[in-house]
Amino acid sequence: MTPNEVRAKYLAFFKERGHAEIPSAPLVPENDPTTLFTSSGMQPLVPYLLGQKHPAGVRLVDSQKSVRTGDIDDIGDNRHLTFFEMLGNWSLGDYFKQEQLPWVFEFLTTELGLDPTKLYVTVFAGDESLGIPVDEEAIGLWKKLFADIGIDAQAVVLGSEEEGAAVGMQGGRIFAYDAKKNWWSRSGAPSNMPTGEPGGPDSEVFYDFGTEHDPTWGEHCHPNCDCGRFLEIGNSVFMEYIKKEDGSFEKLKQRNVDFGGGLERLAAATLGTDDVYVTGTLNTIIKKLEEWSGKLYSDMQYQKAFRVVADHLRAATFLISDGVRPGNVERGYVVRRLLRRAVRYSDVLGVPAGNLKGLVAPIAADYADSYSNIIEQQAVIEAEVGGEEERFRKTLERGMKELARFANNGELSAQDAFQLFTTYGFPIELIAEEAGARGIKQVDMEGFKELLKQHQDLSRAGSEQKFKGGLADNSEATVRLHTAHHLLLKALQQVLGPHVHQRGSNITAERLRIDFSHGEKMTPEQKTEVECIVNEKIKEDLVVVRTEMAKEEAEKLGAEHEFGAKYPECVSVYSIGPLEQAFSIEFCGGPHVEHTAEIAQAGVFKIQKEEAVAQGVRRIKAVLE
Ligand SMILES: [Zn+2]
Ligand SMILES: [Zn+2]
């Protein structure tokens, strides 16, 4: 089946069972400048899972467009995609496990016709320390579903992934894993959840391709093994618990179900293949590339290049159709990177220059029924793709000249290679290749990797902080450290000078980390002085105020913002102390404590470590203890 057919069957199946179909939310979340892209089916529905009434009712079904940018550089295997669709059905306080698991099983085996002997399932193994038992109910339901079609499904408790690799499957079909694998909450495992946070166990379905286990992943195979034998094709989350103040859990009044199934993976399973690239649109693109290049997808030497071009072109097409344009920052930069990598890999295949925009038409045609905004904007998308390819080729040309200049010295330093990489977007393999062709014997690859790592750490820390809607985890401990983080930045400026600005940041419940611009190591006196200022401001019990204002106005007030970040016209600003006489003002999404004295409940502010992370950038780790 094609993904289009699987999507149609899924929506029809759940509509027959009383679900209202809701349209996919756009890839760029509306009114939310702190989230890069919609990255799962659940994300747009979180408010309704937490109790808000959904206008379409208590049973919903959808296919949500999603983009994940975490591992763009890793694209090229058989299952990971930058853009994908997530099928979802939702019970908002309505039906629960007894309906959901039989429906999932019926859909997979009857509607999609998957061979039930190839299906393996997982459930939550429970956590004694939290008083949450193993999910016997799910085990019982799965046993019955398999028994009804003559399969004797045994349950095996594996616990952790490591344990699974050590003991293997032992003839089981239903496997219980710990919270790392079979528990969902916004803040992860039960122990990380703040008071009042809902969460619950989940139950995944895996498809067994029957390939041989690769022992580099562990001694034995099991459903969560990464060797490629098993592919996860769907997950039902049962949101049924809420965390209490004393750390224990009780059952929620409104119990929800949230199912997520990767559309391309399901389509691949119906074809009996573990390669999502042979399905639907991706396959169409690859056929076109084969025609243009004379190369074959089945040729292992070129398979990765085919996959990268197909994945990136489709993702860029969807992002442009949702309003993103190639550019140098944030969302625009993602599209630029996708298109430039597509150009590079199309060169590897030998696709003639200027052809990539010709892929937009087949993509638009394939999605005409589900996402008509692509076909409506086809001309715009083609112009953006074509324009970006042209700009990139000009940049490449300049970069080649630069490389030739470096080459005169007979060697290429890590710094030179890194400059080519950052300024011209040259992939390092290309740099090495071109350097070799110009008689340069050696490129300092180790040095390059080190520079790249520093660069990635910095930009990751920066974007994590900004794009997670402020903080990933809103526990009290993390929120206190966040406010302390603002105090620390200001104190650093007072002690070291106004050249200090934030270059990256990361906050957990245990500690805060800040990267900031400063050329030399801090003296012990400077560290003590900074600590004193922060602790003083905590004691003064300053009020913490959030204000929304025009970006211009905030800049006039001298609000701190992160280097290189782009902000919307209307911004959220946090001041410590009233706005007119604030100690610190920062562009920030929060959350924060209301008064600085609340920070003192966790202890005294202390700098644990101060070190260099890159040229001119220092890092501080600090705690409340
Ligand atoms: Zn395996
Ligand atoms: Zn902040």
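Mentor: Let's take the metal site, then the cysteines, then the charged pairs. Keep in mind that this is a predicted model.

Trainee: Which residues are the protein donors of the zinc ion (ligand 1)?
Mentor: His 213 through ND1, and Cys 221, Cys 225 and Cys 227 through SG. They lie 2.1 to 2.3 Å from the zinc ion.

Trainee: And what is the geometry of the site?
Mentor: Tetrahedral, with angles of 103 to 118 degrees among the four donor atoms. The donor spacing in sequence is H-x7-C-x3-C-x1-C.

Trainee: Is Cys 221 buried or exposed?
Mentor: Buried, at 8% relative accessibility. Cys 225 is buried too, at 5%.

Trainee: Switching topic. How many salt bridges are there?
Mentor: The search finds 30. One of them pairs Asp 135 with Lys 97, with the closest N and O atoms 2.9 Å apart. Asp 135 sits in the loop between β4 and α4, and Lys 97 in helix α3, so the pair ties together parts 38 residues apart in sequence.

Trainee: What is the relative accessible area of Asp 135?
Mentor: 5%, so Asp 135 counts as buried. Lys 97 is buried as well, at 2%.

Trainee: Which residues are linked with them in a network of salt bridges?
Mentor: Glu 137, Glu 240 and Lys 251 join Lys 97 and Asp 135 there.

Trainee: Where does Asp 275 come in, and what does it meet?
Mentor: Its side chain meets Arg 307 in a salt bridge, 3.2 Å from N to O. Asp 275 is in the loop between α7 and α8, while Arg 307 is in helix α9, 32 residues apart. Both residues are buried.

Definitions and conventions:
Residues are numbered from 1 along each chain as its sequence is written. Chains are lettered from A and ligands numbered from 1 in the order in which they are written. This is a predicted model: local features need pLDDT of at least 70, side-chain atom pairs count only at pLDDT 80 or more; totals for chains, interfaces and linings use all residues. Side-chain values use heavy atoms; hydrogens and water are left out. Buried means under 20% relative accessible area, exposed over 50%, partly exposed in between (1.4 Å probe, protein chains only). Donors are N, O and S atoms within 2.8 Å of the metal (3.2 Å for Na, K and Ca); water is not among the atoms, so sites may look incomplete. Four donors count as tetrahedral if all angles lie between 85 and 135 degrees; four count as square planar and six as octahedral if opposite donors are over 155 degrees apart and all others between 65 and 115; anything else is irregular. A salt bridge is a side-chain nitrogen of Lys or Arg within 4 Å of a carboxyl oxygen of Asp or Glu. Helices (H or I, at least four residues) and strands (E, at least two) are DSSP runs, numbered from the N terminus.
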